[in-house]
Amino acid sequence: MTKDQKVVAIQEIKDLLQDAKVVYVADLDGLNAAKSSEFRRQAFKQNIKVKVVKNTLLQKAMEQIEGVDYSEMFQTFKGNSALMISETANGPAKLIQGFRKKEEKPALKSAFVQETFYVGDNNLDALANIKSREEMIGEIIGLLQSPIQRVVSALQNKPETVEAKAEEAAPAVEEKAAEEAPEAPAAESTDETPAAE
């Protein structure tokens, strides 16, 4: 690889990493061409970018990214490395887990997810269990909707009880009005009586 080719390769990696919030580095070594293609196909379906990279170029690209110190990951850059970039925190971990039901590889080397570093394949389960942004938003919406749904159902049931109470109250109002009506003329007759004397 010429110097110019290296510069171009480093720039490509930097472009991938520039605004990435979810970065995985996996070991695809041992996957034949067909299995590697299947892994890439599944990654593409899940909107995960996969790029096989040279470790030295990956490290140089990461060193040039401002705002994130990827140095914790550098120790894992040995052998064959594939860079995985995703919008979903647990997406690559679930993809690797799913693929490993039939194969030994891919293995997780390291990951940078939600501003935290995970080093080693033993972190794969923890990463797969991280809730994605969409899942968290869904849960929050569900929690917010729950009280609203209770209020709505209470309001939907309320008219029946309000009407029933209104019907019960209406006769009582009519009775009071009937009781008050005779008192008014009686009061007038008492006023007229002294005037007649």
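**Figure 1. E115 in the loop between β4 and β5.** E115 is placed in the loop that joins β4 and β5. The model shown here and in the other views is predicted. The phi angle of E115 is near 60 degrees, which is a positive value in a residue other than glycine. E115 has a relative accessible area of 72% and is therefore exposed, the cut-off for exposed being over 50%.

**Figure 2. Q114 in the loop between β4 and β5.** Q114 lies in the loop between β4 and β5 (116-119). Its phi angle is near 50 degrees, again a positive value in a residue other than glycine. The relative accessible area of Q114 is 44%, so Q114 is partly exposed; this class lies between the limits of 20% for buried and 50% for exposed.

**Figure 3. The cis peptide bond from K105 to P106.** The bond that links K105 to P106 is cis, and its omega angle is near 5 degrees. P106 belongs to the loop between α5 (91-99) and β4 (107-113).

**Figure 4. The packing of α1 on α3.** Helix α1 covers residues 3-17 and helix α3 covers residues 55-63. The two helices pack at an angle of about 55 degrees, and their axes are 9 Å apart. The crossing of α1 and α3 is right-handed.

**Figure 5. Residues in the contact of α1 with α3.** On the α1 side, the contact is made by K6, A9, I10, I13, K14 and L17. On the α3 side, L57, L58, K60, A61 and M62 meet them. Of the residues in this contact, eight are nonpolar, three are charged and none is polar.

**Figure 6. The whole protein, as context for the close-up views.** The protein contains seven helices and five strands. Read from the N terminus, the order of these elements is α-β-α-β-α-α-β-α-β-β-α-α. The chain has 197 residues, and 31% of them are buried. Considering contacts between residues at least 6 apart in sequence, 77% join residues at least 24 apart. The protein has an accessible surface of about 13,200 Å², and carbon and sulfur atoms account for 52% of this surface.

Key: Residues numbered from 1 in each chain as written. Predicted model: local features only at pLDDT ≥ 70, side-chain atom pairs only at ≥ 80, totals over all residues. Heavy atoms only, no water. Axes fitted to C-alpha atoms, helices over the stretch in contact; angles between N-to-C directions. Helix = DSSP H or I, 4+ residues; strand = E, 2+ residues; numbered from the N terminus. Left-handed = near helix turned anticlockwise from the far one by under 90°. Contact = heavy atoms within 4.5 Å. Nonpolar A, V, L, I, M, F, W, Y, C, P; charged D, E, K, R; others polar. Buried < 20%, exposed > 50% of the residue type's maximum accessible area, 1.4 Å probe, protein only. Areas by Shrake-Rupley, 256 points an atom, 1.4 Å probe, with all protein chains shown as cover.
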